[in-house]
Amino acid sequence: MKKLVSLLLAVLMVSVLLAVPAGAENYVRLTWVQGTGADAPTDVAMVNEALNVISRERLGVEVDIIYMTGDQVNTSVLAGEVYDMYFTCDWHNDFNTRVFEGVFADITDLLPVVTPALYATLDQEVWDLAKVNGRNYAIPVKKDFYPEVFLMFDQELYARLGMEIPDEMNFLDLEPYLEAYKAEYPDLYPFMRSGSAGGLDGIFNYINRDASIGFPYSAAGTENATTIISLFEDEEMLARFRAMHDWYNKGYINPDAAILDDSSIDLKVNFIKTGQGFFGADAIWSARDQYAIQISKISGPYKSGSGVRGSMNAFNVALDPERLELAMKYQELVNTDLEYRNILRYGIEGVHFIDNGDGTVTRTDEGRNNYAPWAFSQGSYSLSSNEASPFIQVDPNSWDKVFAGYEHAILAADMGFAFDPTPVEMEIAQLTVIREKWMAQIVTGTIDPDEGCAAAIAEMEAAGLRDVIAEAQAQLDAHLASL
């Protein structure tokens with residue numbers, strides 16, 4: 001990967017020349033690659049200009065926010081294209097891979113000096129869990145650090161049916177609610193799914209998502225607490241897959257689930273959904289789907305490095321010191337200034353949202369249709385105002401309750417471990433292809449999971465699965481021994 005870094009440095013010379021526009025006001029122009037599931041929000045240019053009015057005045061910078069899918073950003077990095085800042089996690093622009101490739105800058109020593117206000121927004125435990133080999137290479141987004149997964153129910157429907165929805169439930173106890181929905185709406189699917197795992201795998205702590213290896217959070221405190229296995233060998237996951245297959249055969253899951261992506265599903269239909277969330281997420285989901293949603297937790301909170309690294313923003317290693325510090329100061333603005341953060345999340349006040357003056361905002365139709373980026377990826381989620389909902393009472397201080405709830409989070413036994421995939425990158429590339437071949441069919445219940453998982457494991461073993469697990473296990477053992 002040294003060639004990749006050399007290419008990045010070479011291309012940087014061109015990007016820097018293009019970064020400063022001609023004219024009387026020579027603002028530094030930074031670039032920030034954000035994630036998107038499909039197309040960029042329609043009103044990006046309009047919102048970027050509103051943001052630049054603030055950043056010019058505060059920092060003397062303009063920022064181009066560029067939206068890329070996972071495939072697009074991977075292609076961009078491999079092609080040697082250089083951008084200043086990147087959204088990164090373990091499922092989009094893979095953080096560990098980029099760190100060990102040498103793409104992201106080490107900002108450990110700069111954080112408390114260059115951006116003290118930003119540094120103070122996160123507990124030391126969060127900074128520590130975000131580290132790779134004891135160093136920070138990205139800024140965690142202040143949000144639901146310790147993942148919790150919820151089921152979303154149509155509140156009105158189940159109240160009318162006289163069915164109580166508990167605050168927490170076992171995923172395998174979902175069936176009566178699916179059955180009742182199907183009886184009410186025979187032509188609809190109560191558990192409409194796409195080909196992604198979509199919350200089903202929230203009980204599994206990934207060491208490497210591409211290879212589908214890690215260990216269940218429930219192993220904490222047992223003799224298997226740090227034993228790395230394949231997702232397809234985890235008995236808890238197999239139980240969920242078997243339930244999905246049963247529900248698929250009963251007509252509770254759409255027949256085309258395995259070939260759909262998330263953008264193909266109309267979320268305004270009141271089927272039961274899954275999602276990573278937090279106290280107050282019911283209001284966000286209700287506003288999104290336009291009906292009253294009641295939530296029930298099926299897993300979490302789990303405290304781990306992978307959870308904290310689930311949404312971060314990093315800096316290109318090719319930046320010169322002055323440009324890196326300026327980019328970091330920009331991220332400090334993103335993570336500490338409410339006005340800037342609200343525009344970044346919601347768009348332009350009066351066009352895309354209305355400030356209600358009580359710590360909440362209401363999206364307009366134009367906001368919902370033309371500017372709805374990934375709010376969880378941009379910067380402090382908890383800093384921005386909560387979205388009001390006409391269906392659910394919104395607590396403007398909900399994040400205080402979210403963070404208070406982490407006092408009893410289960411700590412994963414990997415203790416902030418970050419797997420270096422480079423020694424087995426060829427094997428992981430092959431495992432990724434096999435994973436994509438089987439995962440959608442298994443997680444949607446389309447095929448018998450016992451047969452499907454066995455077939456997937458057999459193909460993965462032929463591609464080097466056991467070698468990858470052995471390498472990851474050796475690294476984890478060495479990490480734990482060094483603590």
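Glu125 comes out as partly exposed, at 38% relative accessibility (buried is under 20% relative accessible area, exposed over 50%, partly exposed in between, with a 1.4 Å probe and protein chains only). Its salt-bridge partner is Lys303, with 3.5 Å from N to O; a salt bridge here is a side-chain nitrogen of Lys or Arg within 4 Å of a carboxyl oxygen of Asp or Glu. Lys303 is buried, at 12%. The two sit 178 residues apart, Lys303 in strand 11 (residues 302–303) and Glu125 in helix 7 (residues 124–129). Helices (H or I, at least four residues) and strands (E, at least two) are DSSP runs, numbered from the N terminus.

This is a predicted model, so local features need pLDDT of at least 70 and side-chain atom pairs pLDDT 80 or more, while totals for chains, interfaces and linings use all residues. Residues are numbered from 1 along each chain as its sequence is written, and side-chain values use heavy atoms, leaving out hydrogens and water.

The salt bridges number 31. One of them pairs Arg58 with Asp337, with the closest N and O atoms 2.8 Å apart. Arg58 lies in helix 2 (residues 44–59) and Asp337 in the loop between helix 13 and helix 14 (338–346), 279 residues apart. Arg58 is partly exposed at 41%, whereas Asp337 is buried at 15%.

As for the nonpolar cores (buried Ala, Val, Leu, Ile, Met, Phe, Trp, Tyr and Cys residues joined through side-chain atoms within 4.5 Å), the largest has 71 residues, and Phe315 and Tyr330 touch the most other members. Helix 13 (residues 321–336) gives the most to this core, 7 residues. A second, separate core of 38 residues includes Tyr217 and Phe232.
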